[in-house]
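Please study the sequence and the structure shown here.

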Number of protein chains: 2
Amino acid sequence: MASIVRSATLRALRNGGPSFSGIAIRRSSLSVRAFSAAMSPPSKAVVYEQQGPPDVVTRVIELPPVEVKENDVCVRMLAAPINPSDINRIEGVYPVKPETPAIGGYEGVGEVYSVGSAVKGLSPGDLVIPSPPSFGTWQTYIVKDQSVWYKINKDSPMEYVATVTINPLTALRMLEDFITLNSGDAIVQNGATSIVGQPGSDEAKEKLKKLGADEVFTESQLEVKNVKGLLANIPEPALGFNCVGGNAASLVLKFLRQGGTMVTYGGMSKKPITISTSSFIFKDLSLRGFWLQKWLREDRAKECRRMIDYLLDLAREGKLRYEMELVPFDNFRTALDKALGKQGSQPKQVIRF
Amino acid sequence: MASIVRSATLRALRNGGPSFSGIAIRRSSLSVRAFSAAMSPPSKAVVYEQQGPPDVVTRVIELPPVEVKENDVCVRMLAAPINPSDINRIEGVYPVKPETPAIGGYEGVGEVYSVGSAVKGLSPGDLVIPSPPSFGTWQTYIVKDQSVWYKINKDSPMEYVATVTINPLTALRMLEDFITLNSGDAIVQNGATSIVGQPGSDEAKEKLKKLGADEVFTESQLEVKNVKGLLANIPEPALGFNCVGGNAASLVLKFLRQGGTMVTYGGMSKKPITISTSSFIFKDLSLRGFWLQKWLREDRAKECRRMIDYLLDLAREGKLRYEMELVPFDNFRTALDKALGKQGSQPKQVIRF
């Protein structure tokens, strides 16, 4: 179910708040002044001072309090996921590299802790998310301008609120923006368990079927001449999603019907996509790409929030489901190792602050 | 300038006329009866009895006269090109394989020789082309239903009439059907000389520039890190055409601007296309395919004829130009060898009957 979904621009860092930078740290440690009324609590945060392997370059440190200005909202974070895009950003394999030092994380959920004097419509205790998503959610307290925060219905399942923006929004856009799907149409995707290189166990298959998959195949099962013979009663897919590349992308292409579209949104195998000339000319396939970050950039804050509401309605009704593991912040290292695939196929890791 | 542009379905053979088949030959040779008024002259034709290397499997034979029925038109062919798609079809590397024995060729121009009693709007001496294009143009006389033939303005340059449907129509559709081009936009294409594996000589470069190219590069010139540095004052191309595959396709992708589209319409190198994940996600490229045969199938006879008129207007005005070599039918073997690339880079070979 996971996806390498891409994350924020540096611009997001300008939204004020405890955007961790070398300069900010120095100034804070010099000044014990100014603990006036409007300061945040200190924040425990996952930071990295340079790009590199996430288990090497990240550390958990305490950041000093920052001022809560009149338009700011201070949020006590409740939960934030470790997404593949978070990992890629720390690794530095992103086209837009965050300025370091930086705080990890790009989405999450929190509770309003305090508000500046000019803030309207948000009060302590409100459930909020940064929307559009933005940098630095792996920490206990965030201070950002009120415009950054979007209030969420309190009866929403907390772990879904924490994770709704990056992956489910990507899935929704990819389902809606490329072809017109009709009732009964099939979709094929690779990377269905989101952890690279893990052979799909029978258990994983059962889990994916419970989540709504009609058929689940491992790559070794697909080493047959006629993959479509495996489809049984499912129509040939009109749409395919690729987050792996290499052979796994070729398999998606094989399943697609005449005139079908494959959308690439990740490349977990770090291998390119290879496609025959005849797939374009005679099978009339279209290959496209999707990047949530670009989509969000196009002045879509309102649209984004409307879709978040829609997706959380689905989650409340039990129609949007995916596996997650909530992990206490103290166990961040273990969660990171699991997210890095070191312990085999694991559910999405969600840090609980 | 050439392109592997794809050709007809077997259905086209059903349009009556001397569609060469085992059965037809047997019947004709048995019956010396019925040389009534409405018979065609015998036809000298390039036939192949099975798929294989074109220089091995084709031979020129004389086919017996066939009946010109009341709705038929008998056309004396004047000229027909050897297109890469004709070669692919004879080789059997086409998804739709013509039933053999078959007559080569898929477009051409002729003069009406005689008409059936019910034919309206066509008279002996009229210049005509099969439109939409159809099988069996490499012969001296063709008999097909009047609906197959489209009358062409007699002041059109004959060699352009013979070749206008397959390549120029493909070029026009690819320019119009994928993106909206604005004045000043650039286009990049590979296979610009149409013969595979021939290093582009200075002479070839000059020829392509005379035909309208702003810049012409050989593959070896493009073995640099920053191909875009070569563009000088040309804007980054929004649209690319690929008829080669392999490395030549990768080069087209490199030139394309953010959000650009590459259309594949041939695969002369017989190598697949390889593309990185980031080209889809971060560069937002789209990869599509074009097949004239599919486009024509979609009930487009009228549209096709309108575009032929438009293209021939351009040819008359000297705005549509490409290099051709007219070759007497007696020298078919030489023309075929040239079309097969055996003699290096050569202009499009057009048989003159």
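Over all chains, the structure holds 36 salt bridges, a salt bridge being a side-chain nitrogen of Lys or Arg within 4 Å of a carboxyl oxygen of Asp or Glu. This is a predicted model, in which local features need pLDDT of at least 70 and side-chain atom pairs count only at pLDDT 80 or more, while totals for chains, interfaces and linings use all residues. Residues are numbered from 1 along each chain as its sequence is written, chains are lettered from A and ligands numbered from 1 in the order in which they are written, and side-chain values use heavy atoms, with hydrogens and water left out.

**Salt bridges within one chain**

- In chain A, Lys319(A) forms a salt bridge with Glu317(A), and their closest N and O atoms are 3.2 Å apart.
- Lys319(A) counts as exposed at 62% relative accessibility, and Glu317(A) is partly exposed with a relative accessible area of 49%; here buried means under 20% relative accessible area, exposed over 50%, and partly exposed in between (1.4 Å probe, protein chains only).
- In chain B, Glu111(B) is joined to Arg76(B) by a salt bridge whose closest N and O atoms are 3.5 Å apart.
- That pair links distant parts of the chain, with Glu111(B) in strand S5 (residues 109–115) of chain B and Arg76(B) in strand S3 (residues 72–81) of chain B, 35 residues apart.
- Helices (H or I, at least four residues) and strands (E, at least two) are DSSP runs, numbered from the N terminus.
- Both ends of the pair count as partly exposed: Glu111(B) has 27% relative accessibility, and Arg76(B) has 30%.
- Asp337(B) and Lys342(B) also meet through their side chains in a salt bridge (3.4 Å, N to O), and Asp337(B) counts as partly exposed at 22% relative accessibility.

**Salt bridges and polar contacts between the chains**

- The count between chain B and chain A is 2 salt bridges.
- In one salt bridge, Asp284(B) pairs with Lys294(A), with the closest N and O atoms 3.4 Å apart.
- A network of salt bridges links Asp284(A) with Lys294(B), Glu298(B), Arg300(B) and Glu303(B).
- Between chain B and chain A, 8 residue pairs are in polar contact (both at pLDDT 80 or more).
- A polar contact is a pair of N or O atoms within 3.5 Å; within protein, one must be able to donate a hydrogen and the other to accept it, and residues adjacent in sequence count only if both atoms are side-chain atoms.

**The interface between chain B and chain A**

- In this interface, 26 residues of chain B are in contact with 26 residues of chain A, where contact means heavy atoms within 4.5 Å.
- The two chains bury about 2200 Å² between them, 65% of it on carbon and sulfur atoms; buried area is the accessible area (1.4 Å probe) that two parts lose on being put together, summed over both.
- In chain B, Phe280(B), Ile281(B) and Phe282(B) lose the most area to chain A, together 29% of what that side buries.
- Because 100% of the interface residues of chain B are also interface residues in chain A, the copies meet through the same surface.

**Symmetry**

- Chain B is superposed on chain A by a rotation of 179° with 0.0 Å of shift along its axis (RMSD 0.1 Å).
- This is the relation of a two-fold axis.
- The superposition is by least squares on the C-alpha atoms of residues with pLDDT of at least 70 in both copies.

**The fold of chain A**

- The secondary structure of chain A comes to 11 helices and 15 strands, and 53% of its 353 residues count as buried.
- Among the contacts in chain A with a separation of 6 or more, 77% are between residues 24 or more positions apart.

**Two buried residues**

- Gly108(A) is found in the loop between strand S4 (102–103) and strand S5 (109–115) of chain A, and Gly108(A) counts as buried at 2% relative accessibility.
- Beyond four places in sequence, residues that Gly108(A) touches include Met77(A), Pro81(A), Val128(A) and Ala162(A).
- Thr163(B) lies in helix H4 (residues 158–163) of chain B and is buried, with a relative accessible area of 3%.
- The side chain of Thr163(B) reaches the backbone oxygen of Glu159(B) at 2.8 Å.
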